[in-house]
Amino acid sequence: MFSILLLFAILGLTSAQRPWVMKWSPESYGPDGPWNAVLVKMGSGRQEIAMYAGRWWETWVFLSDYCSNTTTSPVCYAEEAGLFDPDMSSTWDNTSIKLDPTGSSWEDLNFSPTNAVPVSGKARRARETMELYGTTVPDVDLISISQGYQTYPGGQSYPLQVGYLSLGAQDVNQTFDKLGATMITSWLWNGSETISSYTYGMHIGSAPLGIVGSLMLGGYDKSRALGEVSAQPHTGSSAPISLLDISLGVAEGGSPWKYPSKAGLLAQGNSSLESGVSVRANVVDPYIYLPQSSCDAIAAELPVTHNADLGLYFWNTDDPQYSKIVTSPSYLAFTFVKDNTNTQNITIKVPFALLNLTLEAPLVTKPTPYFPCFGTEGTYALGRAFFQAAFIGVNYGAGIVGIGNWFLAQAPGPGYSQMNTIAIEESAAELSGSGDSWEETWASHWSPLTESNSTSAGNSSTKTTDDSPQSTSSASGGLSTGATAGIGAGCGAAGLAVIALVAWWLIRRRRQKRSAISNFRGQRDQMHPMTYSQYSGQSERVDWGKQIPLSELDNSRPNLGPYEMGSGR
């Protein structure tokens, strides 16, 4: 009898450890996106705040007095995502941790690993509870920002807008003189034992195109990882990978360029990059940070103009090439070393539809379409612009320093499949992707160019007409009247057939698009507070019951995060 009860207890525990599905905001954010963001509730007052997910170590949150300084802008844009008011929480603690940063003076803040757009501000370390719509995580490791601004290449300073949510690091906890702070994923695994591993899988999606974000702690949505998945070691504080090349291509139909594809853009104009370059996957930064020569090489193939003040490229929307590129199946392809070996590569394709983003106030005075390549001499990184089209996952290695992989795969377009929840095991060194066709997930959105309206076909036709003597008729070689009439009748019938075919294709495309939008809305409405069964695909509410106390902090391992604040340290 005892063995039967034990078996049921084990089965009950196993069934409870499902991936935790994070809730995404129905709104979009940022002056350079717009971008999707996840929702959390902070403090005993359960204040709802939207954040960009994917930071290592500390979570960065803006405090309610952040808007008191109107020097950089009379408008407090950070209010849109939400500010945290410590006076409304009985669990707020910003005094116990003595380690810098302090709030005594303005200092440089390493807000992101790239530091391409420096951030200055006032901040303190803190701890606070965080609710994930169904469970509460105590003592979350925070950097609380009371003042701050970012400075672009032209010297202009702009206020910050959205905080960063940490998903983990090389350790389970971060300790400060025996005082512990934790991260949401590590606590769900090591504290409440809600999830089966210290891992996550994420696709941030695209707010402009209606691709809802997907973030699961302890697992991933397999429908968001297409084909092969590359696995490579992380450092415990960052996710590096070797980028070999960047190219242009077209998935189907005609090309908006004079060629169907073009490679070698990474090293064009800089031969020192021919063997590739190391880049970081950094989902919380907005742009694609590359050598300036690489950005310029890509931009030379596009109707864009470089804006030196912002370090970005503005789309020339009046150029006929603009609409051809951003609405057709054309893409920017990034080729990486796969699985940290020298024998295999993996390519992630980013459609230009996702690289047609919008700058808004306070960065510009009116909405401006832009191409998000940012030339830098600092750390090269792939930010949110890239990860609209890519899946990222991390196995933190059970909180043991030097152990664990991160994962990269192609993500789908607006026509992605139904959610397929998969738990990630503690020892997982690789993940499997779905067999869905990437092209099919985009088919209802993009408009392939025909041979007649593609640039390459147009140029070829023009050249043939101008240069070929056979293209002009002579008086001695004309057709008979009967032959001409016959050809005319045949062309008329063919024309009617073409018109009928085009009409059928337009009706079919519209139905597919409606189906894709309906799919999106249905999946969006299903998001947490529910967890999902990977077997049935059905959702069910879960009552996690009494919260399990946080486990003892292990002081024997290195635990300080890599991004300390303040100049000179």
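**Ground rules.** I worked on a predicted model, in which local features need pLDDT of at least 70 and side-chain atom pairs count only at pLDDT 80 or more, while totals for chains, interfaces and linings use all residues. Residues are numbered from 1 along each chain as its sequence is written, and side-chain values use heavy atoms, with hydrogens and water left out.

**Disulfides.** I searched the whole structure and found two disulfides; the term here is a pair of cysteine sulfur atoms within 2.5 Å. Counting bonded cysteines along the chain, I get the pattern 1-2, 3-4.

I looked at C67 and C76, which are joined with an S to S distance of 1.6 Å. The torsion about their S-S bond is about -50 degrees, so I logged this disulfide as left-handed. Both C67 and C76 are buried, where buried means under 20% relative accessible area, exposed over 50% and partly exposed in between (1.4 Å probe, protein chains only).

I then turned to C295 and C373, which form a disulfide with sulfur atoms 2.1 Å apart. The torsion about this S-S bond is about -80 degrees, so the disulfide of C295 and C373 is left-handed. This pair links distant parts of the chain, with C295 in helix α3 (residues 292-299) and C373 in strand β25 (residues 373-375), 78 residues apart. I took helices (H or I, at least four residues) and strands (E, at least two) as DSSP runs, numbered from the N terminus. C295 is buried at a relative accessible area of 0%, and C373 is buried at 2%.

**Nonpolar cores.** I used the term for a set of buried Ala, Val, Leu, Ile, Met, Phe, Trp, Tyr and Cys residues joined through side-chain atoms within 4.5 Å. The largest such core has 136 residues, and L217, F336, F371 and F386 have the most contacts inside it. Strand β3 (residues 47-56) gives the most to this core, six residues. Domain 1 (20-207) and domain 2 (222-442) both contribute residues, so this core lies between them; the bounds come from an automatic or database domain assignment.

I listed the contacts of L217 (heavy atoms within 4.5 Å). Leaving aside neighbours within four places in sequence, they include P19, W20, L132, L167, I184 and Y200. I also noted a second, separate core of 10 residues, with V229, A231, A428 and L431 among them.

**Helix α4.** In α4 (residues 320-327) I found Q321, Y322, I325 and V326 buried. Seen down the axis of α4, these buried residues fall within an arc of 115 degrees, so they line one face of the helix; the arc is that of the directions from the helix axis to the C-beta atoms. At the start of α4, I found a side-chain oxygen of D319 within 2.8 Å of the backbone nitrogen of Q321.

**K338.** I placed K338 in the loop between β21 (330-337) and β22 (345-351). K338 is buried, with a relative accessible area of 6%. Its side chain makes a polar contact with the side chain of D339 at 2.6 Å. That term covers a pair of N or O atoms within 3.5 Å; within protein, one must be able to donate a hydrogen and the other to accept it, and residues adjacent in sequence count only if both atoms are side-chain atoms. Not counting residues up to four places away in sequence, K338 touches E228, V229, S230, Q344, N345 and I346.

**S247.** I found S247 in strand β16 (residues 240-250), buried at a relative accessible area of 15%.
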